[in-house]
Amino acid sequence: MASSSNSYNSPCAACKFLRRKCVPGCIFAPYFPPEEPQKFVNVHKIFGASNVTKLLNDLLPHQREDAVNSLAYEAEARVRDPVYGCVGAISFLQRQVHRLQKELDSANADLIRYACNEIPPGSQLPAPAPLSVSSIHPVIPRQRPIRIGNEGEGFYQPPSSYTHPSYILPWNDNPSPSGDINHGGGGGGGGGGNM
Amino acid sequence: MSTSSRCAACRHLRRRCPSDCIFAPYFPANDPHRFACVHKIYGSSKVGNMLQDLPVELRAEAADAICIEAECRVQDPVYGCVRMISLLQQQIHNAESQLVKARAEIAVLGSHAQELRHHVQDI
């Protein structure tokens, strides 16, 4: 949540860390409240203050909060896992999607099998009540895997010994990022889903 | 070292490429875009420090991961690779819901099938 902090109150976490005066209009102040010092510590460690300033200056004001939160998320991921960072989390989640898709395929196959084999062969039955075949939804659309890494190499795979810490996205309840997902500010379009 | 064999990082930074350059093994000269993205998002000293802090055997993987994150952030300056995480979590949520539904359907159909079998046996 963006908050304001200026020299009349207490300096923002960024200015505190950088040991400088937190002036009105400080670009960090809305996004790095003094109550969350670790957020800026991580971001500074991974990206550096001047890079974050440049990134934020390239964005429209309404995009900056989400940008800071995603930078903080990436920074924390990399602090926790200096080798793989967020990419490790992506790989872990991709494997989960893959596993769930296989389970869904298996469940769909079972559903189709029930639909096809419902009436045993050769049996003489009065007209049975029809199955609610319409309730079967055998085809759950296959989720297209999100590919990262070089073309043709498929999923980025850290070693199998990698254990993924559980990450909570910085967005409150909605798992999808808020804001205009197709607007990339000054830096070009959105869509980090495929590389 | 001659200028023609500088790594992409040293070329980008317009400096000599020393024999023990921290970047050279991971930023070959034939892929200048790779370092350009990393430099834009993290800066060379941050990347150098990140690699320096790791054992040598882990640096290649780390460099690859850093490059992927940088490329994602260049393409999507607001969400970077975190968008992908969000999409994957949504996919997982949807798949789990579908799986619960499918398994409930299977349970219902399974009990139907059992009733029919009993019915056939009774005839």
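Reader: How many aromatic pairs does a search of the whole structure find over all chains?
Author: The model is a predicted one. Two rings of Phe, Tyr or Trp count as a pair if their centres lie within 6.5 Å. Over all chains, the number of aromatic pairs found is eight.

Reader: What is the geometry of the pair formed by Phe32(A) and Phe40(A)?
Author: The ring centres of Phe32(A) and Phe40(A) are 5.1 Å apart, and their planes meet at 85 degrees. Planes over 60 degrees apart count as edge-to-face. The pair of Phe32(A) and Phe40(A) is therefore edge-to-face.

Reader: How are the rings of Phe23(B) and Phe27(B) arranged, and are these residues buried or exposed?
Author: The centres of the Phe23(B) and Phe27(B) rings are 6.1 Å apart with the planes at 65 degrees, so this pair is edge-to-face. As for accessibility, Phe23(B) and Phe27(B) are both buried.

Reader: Which residues do ring pairs link into a cluster with Phe32(A)?
Author: Phe32(A) is buried, as is Phe40(A). Ring pairs join Phe32(A) into a cluster with Phe17(A), Phe28(A) and Phe40(A).

Reader: What is the nearest cysteine sulfur to Cys72(B), and what is the relative accessible area of Cys72(B)?
Author: Cys72(B) is in no disulfide; the nearest cysteine sulfur is that of Cys81(B), 5.3 Å away. Cys72(B) is buried, with a relative accessible area of 0%.

Reader: Where is Cys26(A), and which residues does Cys26(A) touch beyond four places in sequence?
Author: Cys26(A) lies in the loop between H1 and H2 of chain A. At a relative accessibility of 10%, Cys26(A) counts as buried. Not counting residues up to four places away in sequence, Cys26(A) touches Cys12(A), Cys15(A) and Arg20(A).

Reader: With which residues is Asn42(A) in contact, leaving aside neighbours within four places in sequence?
Author: Asn42(A) belongs to helix H2 (residues 37–46) of chain A. Its relative accessible area is 9%, and Asn42(A) is therefore buried. Apart from neighbours within four places in sequence, the contacts of Asn42(A) are Ala75(A), Glu76(A) and Val79(A).

Reader: Why can the buried residues of H2(B) be said to line one face of the helix?
Author: In helix H2 (residues 32–41) of chain B, the buried residues are Arg34(B), Phe35(B), Cys37(B), Val38(B) and Ile41(B). They line one face of the helix because, seen down the axis of H2(B), they fall within an arc of 155 degrees.

Reader: Which helices do the buried residues of H2(B) pack against?
Author: One of these helices belongs to chain A, namely helix H3 (49–57). In chain B, they are helix H1 (8–13), helix H3 (44–52) and helix H4 (56–75).

Reader: Which residues of H3(A) are buried, and which are exposed on the other side?
Author: Ala49(A), Asn51(A), Val52(A), Leu55(A) and Leu56(A) are buried in H3(A). These residues cover an arc of only 160 degrees around the axis, which puts them on the same side of H3(A). Exposed on the other side of H3(A) are Ser50(A) and Lys54(A).

Reader: What covers the buried residues of H3(A)?
Author: From chain A, the cover includes helix H1 (13–18), H2 and helix H4 (61–80). From chain B, the cover includes H2 and H4.

Reader: What is the mean pLDDT of chain A, and over which residues does pLDDT stay under 50?
Author: Chain A has a mean pLDDT of 71, with 55% of its residues at 70 or more. Among the elements of chain A, H2(A) has the highest mean pLDDT (97) and helix H5 (residues 85–116) the lowest (92). The pLDDT stays under 50 over residues 119–167 of chain A, and is also below 50 over residues 171–195.

Terms used. Residues numbered from 1 in each chain as written. Chains lettered and ligands numbered in written order. Predicted model: local features only at pLDDT ≥ 70, side-chain atom pairs only at ≥ 80, totals over all residues. Heavy atoms only, no water. Phe/Tyr/Trp six-rings, centres within 6.5 Å; stacked < 30°, edge-to-face > 60°. Buried < 20%, exposed > 50% of the residue type's maximum accessible area, 1.4 Å probe, protein only. Helix = DSSP H or I, 4+ residues; strand = E, 2+ residues; numbered from the N terminus. Contact = heavy atoms within 4.5 Å. Disulfide = S-S within 2.5 Å. Arc of directions from axis to C-beta. pLDDT = per-residue confidence, 0-100.
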